[in-house]
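The sequence and the structure are shown below.

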Amino acid sequence: MDPIMFIQFVLTGAFRSATPVLFTTLGQTVNEKTGVANLGAEGCMLMGACVGFIVTVQTGSGWLGAIAGALAGGVLSLLHGYLVINCGANQLASGLTLMFLGLGLTALIGRPYVSQQITGFDVVPIPILSDIPFIGPILFRHDVLTYLAYLLVPAIWFFLYRTRWGLSLRAVGESRIAAFSTGRNPALIAYAAVFFGGMMAGLGGAQLSLAYTHFWVEGMTQGAGFIAVALVIFGMWHPVRAAAGALLYGGAVSLQLQLQTLGVGISPFFLQMLPYVLTLAILLVWARASNRAMPAELGRVFTRQT
Amino acid sequence: MTDFLVLDGITKRFGNLVANDQISLRIQKQHVHALLGENGAGKSTLMKILYGVYKPDAGTITLDGKLLNIHSPQASRAAGIGMVFQSFMLIPAFTVIENIALSLRDVGIVVDEKKIEHDIREISDKYRFGIEPRAKVWQLPLGAQQKIEIIKLVMAGARLLIFDEPTSVLAPHEVEGLFDIFNRLRLDGYTIIFISHKLNEVLACSDEITVLRGGRVVGSVVRADATESLLVSMIVGDKTADSSTYARKSIPANVEPVLQVRDLCAKDDRNRPALENISLHILPGEILGVAGVSGNGQKELGEVIQGVRPALSGSIKLAGQEIIHTSIAQIRRTGVTCVPEDPLRQGAVPVMSVEENLALSDASSTQQRDWQRMNWSAARSRASWFTEKFGLKMPRLNVAIEALSGGNVQRIVFARELSAPAKLLLAYYPTRGLDIHAAEIVRLALLDYRDQGAAILLISEDLDELFAISDRIMVMYHGQNVGERLPAEADVQQIGYLMTDGKYTPEQEVEHVAS
């Protein structure tokens with residue numbers, strides 16, 4: 001194959017494959033900025049993928065499916081919010097429980113839909129821009145949800161660092177007592193962020209089933225939710241760096257797929273491992289540096305005073 | 001004169017402890033009103049009620065003729081009440097601008113950082129604060145953080161400003177500056193409540209003084225009627241103030257120093273030189289007092305000796321043994337112990353109970369020989385012995401240490417660190433934030449520890465204290481040892497020049513004599 005074409009395919013695939021993880025990573029970045037980590041992001045993604053698919057089958061509308069998927073992810077994450085914020089539960093325990101709940105629940109309600117067909121979201125090339133050689137196909141020939149994910153990167157950055165709400169949200173993650181003493185309601189803000197994180201994971205899941213694969217199968221996220229949680233750390237709790245991490249992961253997935261289609265003589269199991277090994281390696285290198293950027297309250301149990 | 005703030009019958013209980021008992025208080029408009037009392041007298045609790053952090057069990061608050069229903073800090077701020085806490089409510093990871101923006105009520109949806117920066121600079125210039133709005137708070141010394149808190153209140157439009165022991169984080173020369181700020185704020189129409197336990201400060205800046213003791217109002221006096229002896233008798237009640245003279249021990253000559261530091265260099269958190277070829281030594285049974293304006297390398301010096309901060313070059317010998325490049329645990333084992341600057345965060349585990357915190361560095365209570373089991377009953381009885389010895393008032397010993405007042409945490413950490421023999425004690429501001437009585441206990445404990453043969457590095461900004469208990473005073477300026485004096489031979493002016501100028505020249509001496 002022409003090497004230029006190969007690179008173009010890998011990069012196009014990188015943007016496509018990164019989208020579900022990007023949604024989830026952005027959501028979890030916002031989420032963790034309030035000091036609440038949600039290991040159940042995987043469960044929220046599955047809820048989004050499954051409910052989004054069911055609604056699309058039933059109504060024929062991809063948009064309704066995507067909205068339903070986002071809401072399903074958000075609602076599931078509210079359970080995490082209740083356990084962590086109201087009951088003072090441990091965030092890791094609650095998050096893992098949520099993941100298994102999402103896995104089981106979607107396997108149950110999604111069973112009748114496993115072999116169904118949908119139209120979902122098709123690729124919508126952007127006029128003119130998509131005709132630019134090389135760049136066009138990589139950046140401007142995707143589905144609408146993918147465009148949305150990339151537009152959300154600057155939007156979330158602006159929200160976090162330039163608006164009053166973003167300031168409040170970050171304050172809760174740095175010092176609940178300081179946020180409280182300046183007249184904010186840390187619990188409410190954390191709830192809102194957890195709900196948003198869940199919605200974004202749900203939307204990521206919905207993109208996976210409605211736009212990327214056009215089918216539903218049990219456990220189809222294959223740990224993407226956990227990768228997203230890891231990428232939040234890689235991105236040092238910053239949406240732009242998080243997006244870069246998601247793209248890197250997408251690139252690894254895409255490279256692996258392209259190498260398989262070329263019939264490169266490497267075990268497909270090894271290639272499938274590649275994205276995870278890459279993520280792990282990046283975390284190893286970055287772990288120390290990222291500590292300083294970590295929200296000070298991350299993981300701390302909610303007590304009645306704060 | 002009108003009553004600006006009227007508190008009537010305020011009562012607050014924590015379990016069996018009555019922190020505020022029927023407190024009634026009247027504060028005039030545009031006055032600096034001092035609240036005076038020992039640690040645990042109920043000053044901070046009362047002010048936290050006024051600021052909406054605690055809900056009173058009974059009583060009413062009237063501000064400017066209006067009955068207030070203060071149920072949250074938000075309500076309090078909306079009524080125009082602002083507070084500078086003892087431990088600042090600033091977020092270390094945020095910039096000054098972001099911290100200020102948090103406290104503003106009328107920021108738009110999109111935060112206009114340029115405008116806030118401009119406002120900060122304006123106030124900072126007006127009062128000569130020298131605050132860099134774009135700096136992150138964790139990079140700034142405590143004195144600067146206090147100024148940020150003041151800027152915050154002014155910008156948030158507070159009319160009643162409460163300062164909870166504001167001078168405890170300031171260097172002596174900064175205190176006067178703060179009182180100057182008080183005065184200017186008062187002329188601008190603000191009313192100030194100033195919580196303190198330092199008589200000279202209260203007398204220097206207040207219009208009226210109210211004394212609390214054991215959660216009750218002892219009485220209020222206007223400045224003109226207040227004298228030091230009157231206030232002391234109000235604060236301590238029928239207790240007699242113990243003004244014992246500290247007997248100075250003679251240091252034997254020709255002994256090996258416990259600590260020998262040579263040409264030590266290190267950098268600060270911002271990667272700037274903090275220690276520049278500093279050399280010093282301390283003999284066994286000697287207190288070396290370190291004087292200096294905050295931020296001249298005192299903190300870093302202690303940290304390098306503890307092994308917390310890496311040294312760039314130089315040598316530190318502890319009892320003849322080089323300790324640079326060994327571990328913190330090794331240094332502790334060699335016999336270094338420390339009472340940190342911020343005892344709650346650096347010397348204790350905030351969520352652990354008083355007993356557990358006392359047991360943390362105390363090997364004897366774990367010596368149940370089977371399986372390293374903790375001997376909790378021994379730890380508990382030691383804890384109550386400690387609290388009695390250091391005169392601590394607390395409802396129970398199994399409360400989380402973070403629930404206690406700053407002065408009490410200070411004393412607990414102090415008690416713990418002094419309970420085991422060590423060769424070298426590093427004491428950072430050991431009496432900062434303590435009342436007269438508690439400070440006296442701590443000083444006596446330090447002297448007692450010295451007399452047992454320990455070398456003590458005492459870092460303090462309280463010159464009276466340094467002169468009272470040091471055997472030798474060393475002055476730090478820009479990371480260097482700029483001079484050592486014996487307390488009996490030096491005077492405060494000399495030390496003051498060294499602290500602010502790094503040198504003491506004959507011309508200055510002439511000036512000083514002439515003035």
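At what angle do helix H4 (residues 113-126) of chain B and helix H5 (residues 142-155) of chain B pack, and how many Å apart are their axes? The two helices pack at an angle of about 110 degrees, with axes 10 Å apart.

## Basis of the model

This is a predicted model, in which local features need pLDDT of at least 70, side-chain atom pairs count only at pLDDT 80 or more, and totals for chains, interfaces and linings use all residues. Residues are numbered from 1 along each chain as its sequence is written, chains are lettered from A and ligands numbered from 1 in the order in which they are written, and side-chain values use heavy atoms, with hydrogens and water left out.

Axes are lines fitted to C-alpha atoms, for helices over the stretch in contact, with angles from 0 to 180 degrees between N-to-C directions. Helices (H or I, at least four residues) and strands (E, at least two) are DSSP runs, numbered from the N terminus. In the contact (heavy atoms within 4.5 Å), H4(B) contributes B:Ile116, B:Asp119, B:Ile120, B:Ile123 and B:Ser124, while H5(B) contributes B:Ile151, B:Val154 and B:Met155. These residues comprise six nonpolar, one polar and one charged (Ala, Val, Leu, Ile, Met, Phe, Trp, Tyr, Cys and Pro count as nonpolar, Asp, Glu, Lys and Arg as charged, and the others, Gly among them, as polar).

Helix H3 (residues 96-103) of chain B also approaches H5(B): their axes come within 9 Å and cross at roughly 40 degrees. That angle makes H3(B) oblique to H5(B). Here B:Val96, B:Asn99, B:Ile100 and B:Ser103 of H3(B) meet B:Ile148, B:Ile151, B:Lys152 and B:Met155 of H5(B). Five of the residues in this contact are nonpolar, two polar and one charged.

## A helix pair in chain A

In chain A, helix H10 (residues 224-234) and helix H11 (residues 239-262) have axes that come within 8 Å and cross at roughly 130 degrees. H10(A) and H11(A) are therefore oblique to each other. From H10(A), the contact draws on A:Ile227, A:Leu231 and A:Phe234; the residues from H11(A) include A:Arg241, A:Leu248 and A:Tyr249. The contact divides into eight nonpolar residues, one polar and one charged.

## The interface between the chains

Chain B gives 19 residues to the contact and chain A gives 20. About 1800 Å² is buried between the two chains, with 66% of this area from carbon and sulfur atoms; buried area is the accessible area (1.4 Å probe) that two parts lose on being put together, summed over both. B:Met89, B:Leu102 and B:Ile109 supply 29% of the area that chain B buries against chain A, more than any other three residues.

## Salt bridges

A salt bridge is a side-chain nitrogen of Lys or Arg within 4 Å of a carboxyl oxygen of Asp or Glu. The count over all chains is 26, and between chain B and chain A it is one. B:Glu98 and A:Arg170 form a salt bridge through their side chains (2.9 Å, N to O).

Within chain B, the side chains of B:Glu165 and B:Lys43 also meet in a salt bridge (3.7 Å, N to O). B:Glu165 lies in the loop between strand S7 (160-164) and helix H6 (172-187) and B:Lys43 in helix H1 (residues 43-50), so this pair ties together parts of chain B that are 122 residues apart in sequence.

Notes: Angles under 35 degrees count as roughly parallel, over 145 as roughly antiparallel, 65 to 115 as roughly perpendicular and the rest as oblique.
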